[in-house]
Amino acid sequence: MTLLLEPRVLWRLLRGIPRHGTPAQRLAKFYGPQADRYDATRESLLRGRRPMLELLDLPPGGHLVELGAGTGAILDRLGSRANGLGRISLVDVCAPLLAVARRRAAGRPNVTVVEADAASWQPDEPVDAVVLSYALTMIPDWFRAVDNACAMLKPGGVIGVTDFHVSRRDPPVGLERHGFATRMFWPLWFGHDGVRPNPDHLPYLLHRFDPGVVLERKAPIPGLAGLRAPYYVFIGRRRKRPGA
Ligand SMILES: C[S@@+](CC[C@H](N)C(=O)[O-])C[C@H]1O[C@@H](n2cnc3c(N)ncnc32)[C@H](O)[C@@H]1O
């Protein structure tokens with residue numbers, strides 16, 4: 001997040017996410033004043049987006065859903081891969097960010113912008129791929145959003161998730177263990193803006209899907225010299241067993 005922000009954007013970030021109203025109202029109030037500057041100010045912060053998309057296997061002609069799609073920046077990141085997809089559905093509850101997504105989607109006949117809750121919206125038929133990019137930490141019913149993503153995927157369909165996180169005190173075998181200060185600091189720091197790094201996100205994804213790739217990395221935070229926030233990239237597939 002650059003520090004060269006317009007006063008109204010900086011003021012909104014300093015005040016944090018409003019405490020009152022429905023989740024959609026709170027997000028609209030928070031993101032409304034910064035919707036047009038969102039993309040420019042998140043570029044260096046949300047480091048997992050690029051590797052997650054590079055690792056995501058997208059079948060030509062397939063249907064990709066992004067839950068918590070915000071401004072639809074995924075369209076730019078996918079580049080020419082976006083044209084090879086049959087359908088792209090961008091789902092979010094935040095009207096000001098979706099207004100930016102709609103402008104981006106103009107002239108792209110394979111893109112649909114949907115104002116709906118990631119925890120409950122379902123496509124008309126099963127899809128090939130689902131993405132959650134820095135969205136899970138902002139979705140209150142995150143476990144329902146993960147279950148919902150699983151339910152909309154075809155058996156064998158792929159999911160890509162990237163987000164900030166902190167580890168459990170005793171993480172599952174193979175995952176990193178963060179120290180006490182890390183586990184305490186980042187939820188407090190991000191919580192002000194409604195972002196909740198959660199020690200259960202990654203273990204739940206590992207439980208719910210057949211894991212393909214798990215990366216755990218740290219990103220420098222503009223304005224917090226020397227501090228690096230942990231994030232992960234998860235690529236998995238819906239299990240082929242019926243009912244899984
Ligand atoms: C940090 S932004 C990430 C946006 C985008 N995916 C990206 O990578 O730039 C988190 C997004 O999650 C959305 N969000 C939060 N709760 C949601 C929900 N229940 N259903 C759908 N979207 C939600 C917010 O409105 C916001 O657009």
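How many residues of the shell around the ligand are nonpolar, how many are polar and how many are charged?

Mentor: Please bear in mind that the model is predicted. The shell around the ligand comprises 16 nonpolar, three polar and four charged residues. It holds 23 residues, of which G68, G70, C94, A118 and S133 come nearest to the ligand. Two elements, helix 2 and strand 2, each contribute two or more residues to this shell.

Seven strands form an open sheet in the order 3-2-1-4-5-7-6, and their pairing is mixed. On average, and with direction ignored, neighbouring strands are turned by 15° against each other. In general, the strands of a sheet pair through backbone hydrogen bonds, in either a parallel or an antiparallel sense. For strand 1 (residues 63-67) and strand 2 the sense is parallel, with five bridges between them. Within this region, E66 stands opposite L90 of strand 2.

Helix 6 packs on the sheet, where it touches strand 2 and strand 3, and its direction makes about 170° with that of strand 3. The helix covers residues 95-105, and its buried residues are L97, L98, V100 and A101. Viewed down the helix axis, these residues fall within an arc of 155°, so they line one face of helix 6. They pack against helix 2 (23-31), helix 3 (38-42), strand 2 (87-92) and strand 3 (111-115). Just beyond helix 6, G107 adopts a positive phi of about 80°.

A further backbone feature concerns Y134. Most residues other than glycine have a negative phi. Y134, although not a glycine, has a positive phi of about 55°. It belongs to the loop between strand 4 (127-133) and helix 7 (142-152). Burial requires 20 or more C-beta neighbours within 10 Å; Y134 has 21 and therefore counts as buried.

Elsewhere on the sheet, helix 9 (residues 201-208) lies across strand 5 (153-164), strand 6 and strand 7 (228-237). This helix runs at about 10° to strand 7.

Conventions: Residues numbered from 1 in each chain as written. Predicted model: local features only at pLDDT ≥ 70, side-chain atom pairs only at ≥ 80, totals over all residues. Buried ≥ 20, exposed ≤ 12 C-beta atoms within 10 Å, placed from the backbone. Helix = DSSP H or I, 4+ residues; strand = E, 2+ residues; numbered from the N terminus. Arc of directions from axis to C-beta. Contact = placed C-beta atoms within 7 Å. Near = placed C-beta within 6 Å. Nonpolar A, V, L, I, M, F, W, Y, C, P; charged D, E, K, R; others polar. Pairing = 2+ DSSP bridges. Axes fitted to C-alpha atoms, helices over the stretch in contact; angles between N-to-C directions.
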